[in-house]
Amino acid sequence: MPGSARFRVVATDLDGTLLRGDLTVSARSRAALALAAAAGARHMVVTGRPAASCRPFLAAMGYRGLAVCGQGAQLYDASADRLLESVPLDREVARSVVERTERELGRSPLALAVVTAAPENRLVFLPGFADRPRPEWGRAADRAELFAGPVEKVLMRHRELPDELVAATAARIGGSRVSVTHSDRGVIEVLPAGTTKAAGLQRAADRLGFTPSETIAFGDMPNDVPLLTWAGYGVAMGNAHPRLRAVAHEVAPRNDDDGVAVVLERLFAPARPGDGRTPAGDGACVGR
């Protein structure tokens with residue numbers, strides 16, 4: 001594994017990566033991020049959650065500075081609680097992709113939801129989108145309400161067909177008009193064209209002056225593939241989707257086993273006299 005001096009940025013996904021299953025950041029992970037900060041590395045959250053949804057998690061961590069949100073569509077300044085950039089999704093394009101995807105799949109209708117445009121970023125969902133809707137989502141909407149206002153992304157799921165088939169169908173139908181990614185098991189996202197975590201992190205890098213080679217990135221799902229391939233060193237979690245494992249340099253322990261912390265401790269913990277290792281450690285790496 002490369003030496004710690006190489007990395008100026010630690011880029012982490014939230015759900016399934018830095019967050020445990022109970023949606024908390026463990027004390028061990030906080031301490032490991034503090035080790036990285038003491039060594040001069042900046043922590044950057046790069047998440048599929050829109051800014052409105054990730055704000056409480058960032059606040060709980062005491063996170064400062066830029067975060068990449070909304071799968072790369074948003075740059076959010078957590079220090080100022082200010083959205084710096086946000087790219088909306090064309091409603092008519094989104095509606096067309098949804099309707100044509102449903103017709104082509106030719107089975108039961110897709111379960112659908114949309115995230116409304118920033119700064120609101122509210123979830124509008126149809127009945128049946130989730131088995132147990134969260135209380136903060138409010139009431140289920142009817143189909144006419146989905147595209148009643150500006151939207152940022154569409155979420156689609158199918159109860160019978162594989163995620164990969166739904167995603168591939170939507171991507172083929174959408175073509176260059178949209179980006180399609182798979183960020184959660186059972187959920188496909190339709191996004192503005194060109195939207196990826198890598199594109200969002202590149203915009204952050206342009207503002208802050210760091211490079212891919214100076215970045216180590218952590219993720220767990222196919223939407224993290226662009227992030228890990230952009231970064232100089234990519235780490236997939238032990239709970240990661242096979243597609244992400246295939247492009248990672250290393251597979252860490254699971255998120256519930258503090259996999260991010262395990263790697264950062266090895267990378268940034270000071271070497272002790274006589275322990276026979278460099279600060280980066282000698283952990284096993286998995287080639288791409």
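**Entry 1: Glu250 and Arg266**

I looked up Glu250 and Arg266 and found that their side chains meet in a salt bridge at 2.9 Å, N to O. I count a salt bridge when a side-chain nitrogen of Lys or Arg is within 4 Å of a carboxyl oxygen of Asp or Glu. Glu250 sits in strand β13 (residues 250–251) and Arg266 in helix α10 (residues 259–268), so the pair ties together parts that are 16 residues apart in sequence. Helices (H or I, at least four residues) and strands (E, at least two) are DSSP runs, numbered from the N terminus.

I then checked accessibility. Glu250 is buried, with a relative accessible area of 2%, and Arg266 counts as buried at 17%. Here buried means under 20% relative accessible area, exposed over 50%, and partly exposed in between (1.4 Å probe, protein chains only).

**Entry 2: what I am working from**

This is a predicted model, in which local features need pLDDT of at least 70 and side-chain atom pairs count only at pLDDT 80 or more, while totals for chains, interfaces and linings use all residues. Residues are numbered from 1 along each chain as its sequence is written, and side-chain values use heavy atoms, with hydrogens and water left out.

**Entry 3: other salt bridges**

I searched the whole structure and got 15 salt bridges. One of them joins the side chains of Glu85 and Arg203 at 2.6 Å, N to O. This pair links distant parts of the chain, 118 residues apart: Glu85 is in strand β5 (residues 82–86) and Arg203 in helix α7 (residues 197–208). Glu85 is partly exposed at 23% relative accessibility, and Arg203 is partly exposed at 24%.

I also noted a network of salt bridges that links Asp13, Lys197 and Asp224.

**Entry 4: the largest pocket**

I read off a volume of about 1,300 Å³ for the largest pocket. Of its 42 lining residues, Asp15, Arg49, Ser53, Arg134 and Asp184 are the closest to its centre. A pocket, on a 1 Å grid over the protein atoms alone, is an open set of points where a 1.4 Å probe fits, with protein on both sides within 12 Å along at least five of seven lines; lining residues have an atom within 4 Å of a point. A volume is the space filled by probe spheres set on the points, which are joined across faces, edges and corners.

Elements that each supply at least two lining residues include α3 (51–61) and β9 (178–184).
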